[in-house]
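Have the viewer open as you read.

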Amino acid sequence: LNLVDWAPPLAMALAAGLVLFALVLAIERRNGRPNPFAALAALVALSAYALAVLLLADIVLDTASPRLVPAVVLAKSHTSDRKLCRILRNDTHVFREATVPKGVYRRLRRHEFACVVMHPGRLGVAWFRVYVCPRG
């Protein structure tokens, strides 16, 4: 999954985590044994969970038509678990790294076009995927 901007979903997940943090802290205080470390651990875990739920809902519920954006592959690199392509989006002229599947990585060539499919996201968290453009 490649997000256009990570800041909004992280902020939403942190806000949800803070609400749950306050709830856990209130329950701990009501039980007479306030443990701020347990509440802090809950903040981290619940924020991560909220982020995952938010992104999954954003993708699964997205029914808007995607937008095809041709882009130029500027560079390719890989690590043991990720295949990255640095692309230049023609509509905004922004450099961006995108994680792509192994098969797409092998077929993409530097300085050739890739097809970037932009999705607006149901909850407003825009995301995209990179494909090999059909020849012709």
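The side chain of Ser 47 comes to 2.8 Å from the backbone oxygen of Leu 43. Keep in mind that you are looking at a predicted model. Ser 47 is part of helix 2, which covers residues 36-60. Is this serine buried or exposed? Its relative accessible area is 11%, and the cut-off for buried is under 20%, so Ser 47 counts as buried.

Which residues does Ser 47 touch, once those up to four places away in sequence are set aside? They are Ala 13, Leu 14, Gly 17 and Ala 42.

The axis of helix 1 (residues 7-30) comes within 7 Å of the axis of helix 2, and the two cross at roughly 140°. Angles over 145 degrees would count as roughly antiparallel, so helix 1 and helix 2 are oblique to each other. The crossing is right-handed.

Finally, take in the whole chain. Three helices and six strands make up its secondary structure, in the order β-α-α-β-β-β-α-β-β from the N terminus. Of its 136 residues, 32% are buried. The chain exposes about 8600 Å², with carbon and sulfur atoms supplying 64% of that area.

Terms used: Residues numbered from 1 in each chain as written. Predicted model: local features only at pLDDT ≥ 70, side-chain atom pairs only at ≥ 80, totals over all residues. Heavy atoms only, no water. Helix = DSSP H or I, 4+ residues; strand = E, 2+ residues; numbered from the N terminus. Buried < 20%, exposed > 50% of the residue type's maximum accessible area, 1.4 Å probe, protein only. Areas by Shrake-Rupley, 256 points an atom, 1.4 Å probe, with all protein chains shown as cover. Polar contact = N/O pair within 3.5 Å; in protein donor to acceptor, adjacent residues only side chain to side chain. Contact = heavy atoms within 4.5 Å. Axes fitted to C-alpha atoms, helices over the stretch in contact; angles between N-to-C directions. Parallel < 35°, antiparallel > 145°, perpendicular 65-115°, else oblique. Left-handed = near helix turned anticlockwise from the far one by under 90°.
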